[in-house]
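Please consult the sequence and the structure shown here while reading.

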Amino acid sequence: MLETIRYLIGSAGSNGFGSKSTAEEVTEASSDLRSITAIITGATSGIGAETARVLAMRGARLVIPARNLKAAQETKAHINGEFPGSEIIVLLLDLSSFSSVRSFVTRFLSLQLPLNLLINNAGKFSHNYALSEDGIEMTFATNYLGHFLLTKLLMEKMTETARITGIEGRIINVSSGIHTWFTGDGLRYLDLVTSKKIPYNGTRAYALSKLANVLHTKELVEKLEEMGANVTANCVHPGIVRTRLTRDREGFLTDLAFFLASKLLKTIPQAAATTCYVAATSALAGVTGKYFSDCNLASPSAAAGSWQEAAKLWSASEDMTAVKQMPEIDMAT
């Protein structure tokens, strides 16, 4: 109850920021990010677009991967119009396709750019049952497995960049408070849903994908430490906000629900604040494996805190994406 009251009134946490803080406000002290190259998925609309805009405003070079290249070019033009001189690169990426993820990584590495910041922001909510081209339930494939593969294929690049530049790398997984809605054996549930042995529930599938994002972060920290990488990994809950995530179910009932909940909603600039804060603030140097909400440390669900489940999910994800061996690629920056 106390947390809800703090959220509604925007009470600031120990760092001076809270639920009403905006992405611009939380990055004011990080006004020069010209040495940073960032990949931001899902940057063509909503929270991702605002994250990209604010980081570009602070000087970061952006790489915007997108399935819809027209939308990505429009995002680029909008940012360039507001901040002339911003360096923005658009590349094709469909996170639901493992082959597309691999092709994106190959194209990005061919650019011979450094990589300091990876923000796994893109999200999908499927109301109807669908499988990806790789035979994985679509929400899980897009929200989690695609990002898992993308991150794994870029870990060496980020490690190398941090070593050469001396700048700490950061990986941010955008989850959701809805991850707390899933309980039980996630991998078993995924198998049953994929094989259509149980009815499809879009909300439960979405909650599982967001729980997987938190567990991914937990095990990713272990892998990075084993590599001796100067790279942190953290997870964020942006808050409740209406974005294009609900585009599959627009209409009177959706409009009414959001109107009734309007006092609980964040604006998009407020929703992007936690991601931007964790990405840019020097106060979090060396902080890794944490979960943030409203720009402050928070606690995920008990299921999200299991080391055993995190390790099990990582192993299963390697099997599903077939990336136990890293590809031989040129890591020059």
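The sections below treat the basis of the model, a helix, the salt bridges and a pocket.

## Basis of the model

The model is predicted, and local features need pLDDT of at least 70, side-chain atom pairs count only at pLDDT 80 or more, and totals for chains, interfaces and linings use all residues. Residues are numbered from 1 along each chain as its sequence is written, and side-chain values use heavy atoms, with hydrogens and water left out.

## Helix 3

Helix 3 covers residues 46-57; helices are DSSP runs (H or I, at least four residues) numbered from the N terminus. From first C-alpha to last, its twelve residues reach 17 Å, close to the expected 16 Å, where the expected span is 1.5 Å times one less than the number of residues.

Ten of the twelve residues of helix 3 are buried (under 20% relative accessible area, with exposed over 50% and partly exposed in between, using a 1.4 Å probe and protein chains only). Among them are G46, I47, G48 and L55. After helix 3 comes G59, which has a positive phi near 105°.

## Salt bridges

Side chains of opposite charge can pair when their charged atoms come close. A salt bridge here is a side-chain nitrogen of Lys or Arg within 4 Å of a carboxyl oxygen of Asp or Glu, and the count comes to twelve. Because they are three residues apart in helix 3, about one helical turn separates R53 and E50. Both R53 and E50 are buried.

K152 and E318 also meet in a salt bridge, at 3.0 Å, N to O. K152 belongs to helix 6 (residues 138-165) and E318 to helix 12 (residues 307-321), so the pair ties together parts 166 residues apart in sequence. K152 is buried at 9% relative accessible area, and E318 is buried at 14%.

In helix 12, K312 and E309 are three residues apart, about one helical turn. Their side chains meet in a salt bridge at 3.5 Å, N to O. K312 is partly exposed at 34% relative accessibility, as is E309 at 29%. Salt bridges with shared partners join E24, E50, R53 and E82 into one network.

## The second largest pocket

The second largest pocket holds about 280 Å³ of space. Of its 15 lining residues, L33, I36, R170, A279 and A280 are the closest to its centre. A pocket is an open set of points on a 1 Å grid over the protein atoms alone, where a 1.4 Å probe fits, with protein on both sides within 12 Å along at least five of seven lines; lining residues have an atom within 4 Å of a point. The volume is the space filled by probe spheres set on the points, which are joined across faces, edges and corners.

How values were computed: Helix = DSSP H or I, 4+ residues; strand = E, 2+ residues; numbered from the N terminus.
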